[in-house]
Amino acid sequence: MNARSAVTAIGILAVGGGLAMVFAPDLASLFPLRDLFVKFVGLLAFVQGLRVVQARRHTDVEGAGTGDPETNVTLPVPGQEFDDRLRTVHSGPRKRKFRSRKAVRERLEEALIEAIVQREGCSDDGARTRIETGEWTDDPEAAAFVAGHPSPRRSWRQWFRQSFGSETAFQYRARKTADAITRYIEEDR
């Protein structure tokens, strides 16, 4: 019999004896040496603890591999897609430029229709009527851009500033319209 089996047998006997004394307290009077018995049980517990520690010292430590709970997720910057599309409306062949401009205008119109329908509770046709009349904004430039009307006359100062700026007239009007739509949506909140 090895040491492990002997210690296990002694432990089972000790637990069995303790349970027997719980149900039959008269059995405890069989051991008149109370202090010696408590010291013996303490010594057994100490030896068992040493045995477990020694067994663990000679084994490799194995830990569970956990995943990284927080990973950095790169989210797109709001409006980045619109800015990228607006930046490329004047690059490439003429046909591509035309399609790009049309796509920007249609995207702005779709966003505005959705906002008007949500805010006013009207149909798509009612929203298109409001776009045609320009009653959705105080900005005549934005109203004309979405409705497909020509741009209102600008002052010499505005014309001069835009002529030497980095944006074309289309980009300026599209950005101004996007800002007006954003204001329209935020007024509702």
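## Pocket definition and model basis

A pocket is found on a 1 Å grid over the protein atoms alone, as an open set of points where a 1.4 Å probe fits, with protein on both sides within 12 Å along at least five of seven lines; lining residues have an atom within 4 Å of a point. A volume is the space filled by probe spheres set on the points.

This is a predicted model, in which local features need pLDDT of at least 70, side-chain atom pairs count only at pLDDT 80 or more, and totals for linings use all residues. Residues are numbered from 1 along each chain, and side-chain values use heavy atoms, without hydrogens and water.

## Largest pocket

The largest pocket has a volume of about 680 Å³. Its lining has 24 residues, and R107, A111, I181, T182 and I185 lie nearest the centre. Helix α4 gives the largest share of this lining, 7 residues (helices are DSSP runs of H or I, at least four residues). By class, the lining of the largest pocket has 11 nonpolar, 4 polar and 9 charged residues (Ala, Val, Leu, Ile, Met, Phe, Trp, Tyr, Cys and Pro are nonpolar; Asp, Glu, Lys and Arg charged; the others polar).

## Second largest pocket

The second largest pocket holds about 380 Å³ of space. It is lined by 18 residues, with I10, L13, A14, V41 and L44 closest to its centre. Helix α1 (3-23) and helix α2 (34-57) each give two or more lining residues, and the largest share, 9 residues, is from α1. The lining of the second largest pocket comprises 14 nonpolar, 4 polar and no charged residues.
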